[in-house]
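Here are my notes for someone opening this structure for the first time. Take them in order, with the model on screen beside you.

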Amino acid sequence: MSERDPGFSTRAVGGWTQMPEVRQHPASPPLYQTATFIFDDIDDFASVAQTKISGGYLYSRWANPTVDMLGRVISSLEGSEATACFGSGMGAIAGTLLSLLSNGDHMVAAAQLYGGTHGLFGTAFKRAGISVTTADVGDHAAIEAAFSERTKVLYCETIGNPTMNVADLDALASIARAHDATFVTDSTFAPPVMVRPLEHGADLVCHSATKYLGGHADVTGAWCRVTPRGSRPSDTSRSIPEARWRRSTRGLSRAASKRSFFASIASVRARSRWRARWRSTPPCSA
Ligand SMILES: Cc1ncc(COP(=O)(O)O)c(C=O)c1O
């Protein structure tokens, strides 16, 4: 054994670092379940450490290949320039808004929001000195009147949870633009196959992946997508034309949305009853 060959213990813990060369693309993306990455030498480390994200992978909180793959898929579905992935919807909402708002800033928000989001605004945001005024998402005069000189963000849900109000994204985007505010929408209830809010003037779109994007109640996660200001497609180049958007919202009549909402709650309850039964079943003793 040469002086540089690793000893028995080193081989025992690090033998797997000899990654196989894989010329073929795997059919499913590999999971990079690692916090850190190993470097050939200190120069290699230094060059990646300098940029943290764009130059390679160093630490998975900054960037991770599996998470990047997910982000690229979401960007292509949503037509966004970039996507940041988070561990939960609330993580995405808090992270996104706190990157836009500081102590003393003001936000106008739709009154019809997920309860957890209202909770975030009323507790952590309040403590951080960020004030929020809410107004009926369909009352554009009230939304406009809620703006002040300190308003930095207009926030809504594309389809509100649980009221199912459908926000007129184009109209809200024009109000935000007139006040030089960033328009953020939580599109959890309207995945990109239904509507892509960036094409309707939103600057940033958040999703809780736990709902339609995950689809099977087996994942928590979220992302926020961005399109740079000034690069929004013109009205004529929308991929969901006005008529289709109206058709899709027409489908969500109050009665129909209520029915589907309560049906989804019923199925969640049925699943948790099933899980409770499954957990209380003694292990199989074959
Ligand atoms: C519209 C909406 N936004 C955000 C969230 C929060 O997402 P998560 O539970 O992934 O934190 C939810 C959760 O129900 C939601 O319905």
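1. Of the 286 residues in the protein chain, 27% count as buried. Here "buried" asks for 20 or more other C-beta atoms within 10 Å of a residue's own, "exposed" means 12 or fewer, and "partly exposed" is in between, with C-beta atoms placed from the backbone. Keep in mind that this is a predicted model: local features need pLDDT of at least 70, side-chain atom pairs count only at pLDDT 80 or more, and totals for chains, interfaces and linings use all residues. Numbering starts from 1 along each chain as its sequence is written.

2. The protein chain has nine helices and seven strands. Two residues are in contact if their C-beta atoms, placed from the backbone, lie within 7 Å. Taking contacts between residues at least 6 apart in sequence, 66% join residues at least 24 apart.

3. Now the ligand. There are 14 residues around the ligand, and S88, G89, M90, Y114 and S208 come nearest. A residue is near a molecule or strand if its C-beta atom, placed from the backbone, lies within 6 Å of it. By class, the shell has four nonpolar, eight polar and two charged residues. Nonpolar covers Ala, Val, Leu, Ile, Met, Phe, Trp, Tyr, Cys and Pro, charged covers Asp, Glu, Lys and Arg, and the others, Gly among them, are polar.

4. How do helix 4 and helix 5 cross? The axes of helix 4 (residues 89-98) and helix 5 (residues 115-127) come within 11 Å, at a crossing angle of roughly 40°. Axes here are lines fitted to C-alpha atoms, for helices over the stretch in contact, and angles run from 0 to 180 degrees between N-to-C directions. The two helices are therefore oblique to each other; under 35 degrees would be roughly parallel, over 145 roughly antiparallel, 65 to 115 roughly perpendicular, and the rest is oblique.

5. Leaving aside neighbours within four places in sequence, L120 is in contact with M90, I93, A94 and F125. L120 and A94 are 26 residues apart along the chain, with 7.7 Å between their C-alpha atoms. L120 is partly exposed, because 19 other C-beta atoms lie within 10 Å.

6. A few backbone spots to check. Most residues other than glycine have a negative phi, and most peptide bonds are trans. A cis peptide bond joins N161 and P162, with omega about 10°. P162 lies in the loop between strand 4 (151-157) and helix 7 (169-178). M164 is in the loop between strand 4 and helix 7 too, and has a positive phi of about 70° although it is not a glycine. With 18 C-beta neighbours inside 10 Å, M164 is partly exposed.

7. D180 has a positive phi as well, near 55°. D180 lies in the loop between helix 7 and strand 5 (182-186). Buried or exposed? D180 counts as exposed, because it has 10 C-beta neighbours inside 10 Å.

Terms used
Helix = DSSP H or I, 4+ residues; strand = E, 2+ residues; numbered from the N terminus.
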